[in-house]
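Subject: Structure handover

Hello,

Here is the structure for you to look through. Some notes on charged side chains follow below it.

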Amino acid sequence: MKKIKDLIDKNFIKSKNIWLAYLLAIFFGTFGLHRFYLKKNGLKMLLITVLTLGVGVIITYPILIMDLFKIPNWVKECNKSNKISPTGKTIQTNQSNKHINNTVTSTSSNLNNSLGANIEETNLSNVDRPRNSQVINYDFKPKLQPVMEFKPKTKMKKKSTRTKTNSSETIKISRLRKLRDDYVVVDIETTGLSPSEDKIIQLSAIKYIDNKEIAVFNEYINPHNKLSDFIINLTGITQDVVDHGKELNDIKDDFISFYGDLPLVGHYINGFDIKFLIANNLVIKNVATIDTLPLARKLDLKNAKLPTVKKFLGINNNSHDSLDDCYTTNALYQFAKENF
């Protein structure tokens with residue numbers, strides 16, 4: 001037993017056996033055990049194999065083949081490092097410690113000599129400071145300067161529920177899904193698509209109580225600028241009509257009192273009409289809307305535009321006239337209530 005123990009100590013503890021290294025590489029090389037044995041960091045190969053559930057052998061096999069050529073040199077390095085006696089290591093350690101101590105001593109003495117004058121000068125000054133403290137002056141200026149001012153993030157308000165008027169008041173828009181029996185259908189014609197830059201040239205609304213028409217609002221509005229040929233051809237509204245139209249401020253109160261507290265129904269009202277109404281102060285309080293565009297999409301037509309819906313419902317009137325579009329929108333609204 002003693003001979004076997006000496007053999008093991010000699011071959012596997014004090015020195016590394018090259019054949020054992022080869023056997024570990026052949027049978028357990030993908031796990032990096034030969035590297036652990038030769039103290040060559042086998043953790044990388046072990047992680048690749050284990051974490052990839054064995055698929056990583058595609059990567060570890062080329063590494064293993066290269067390791068087979070390196071094993072003899074690794075064994076020599078390990079055995080060479082193990083031959084250094086403990087006495088030799090102690091001597092080297094003592095010499096290195098002695099060198100470090102000499103360096104630290106000389107450095108600390110120089111540092112004390114250099115700081116002595118500064119400390120004496122500081123003691124002469126009438127500077128209040130804590131006990132055992134030193135005043136060190138740094139002649140330093142940072143090279144980097146801030147290029148922008150930091151601003152804390154602010155919470156964004158949901159666009160679907162709130163929007164701002166010109167008077168900086170906040171109006172809550174409630175988008176209703178349930179179809180009501182009392183409502184006001186609204187439609188507008190404008191000089192363009194931008195609520196902040198373009199103007200309303202026709203504003204129409206029809207009030208329905210218990211699904212029956214009881215009142216109509218229809219006004220042409222003077223935008224105080226020239227209409228483009230595109231808008232004239234699209235809407236059929238001429239320059240002479242708008243030039244003789246009313247001022248927006250003159251009809252604002254009448255329109256607001258017309259719809260009152262009833263929900264506003266419109267085709268793409270949430271994406272277009274309500275933005276123009278708010279931008280022109282035609283909505284001054286919280287309002288509910290019902291958009292008929294999602295209802296038109298349920299019809300499975302080639303598109304959900306009002307002219308297409310009008311043909312489907314068999315309606316014969318003008319498109320892009322806000323009053324006629326109100327009637328078309330209401331027909332779609334009633335069709336949805338009966339069929340959806």
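Is Asp 261 buried or exposed? Asp 261 has a relative accessible area of 72%, so it counts as exposed (buried is under 20%, exposed over 50%, partly exposed in between, with a 1.4 Å probe and protein chains only).

This is a predicted model, in which local features need pLDDT of at least 70 and side-chain atom pairs count only at pLDDT 80 or more, while totals for chains, interfaces and linings use all residues. Residues are numbered from 1 along each chain as its sequence is written, and side-chain values use heavy atoms, with hydrogens and water left out.

The structure holds 3 salt bridges (a side-chain nitrogen of Lys or Arg within 4 Å of a carboxyl oxygen of Asp or Glu):

- Lys 285 pairs with Asp 261, with the closest N and O atoms 3.1 Å apart. Lys 285 lies in the loop between helix 10 and strand 7 and Asp 261 in the loop between helix 9 and strand 6, so the pair ties together parts 24 residues apart in sequence (helices, H or I, of at least four residues and strands, E, of at least two are DSSP runs, numbered from the N terminus).
- Asp 181 pairs with Lys 337, the closest N and O atoms being 2.3 Å apart. Asp 181 is in the loop between strand 2 and strand 3 and Lys 337 in helix 13, 156 residues apart.
- Lys 246 pairs with Glu 219 at 3.2 Å, N to O.

Lys 285 is partly exposed at 34%, and Lys 246 is partly exposed at 42%.

Regards
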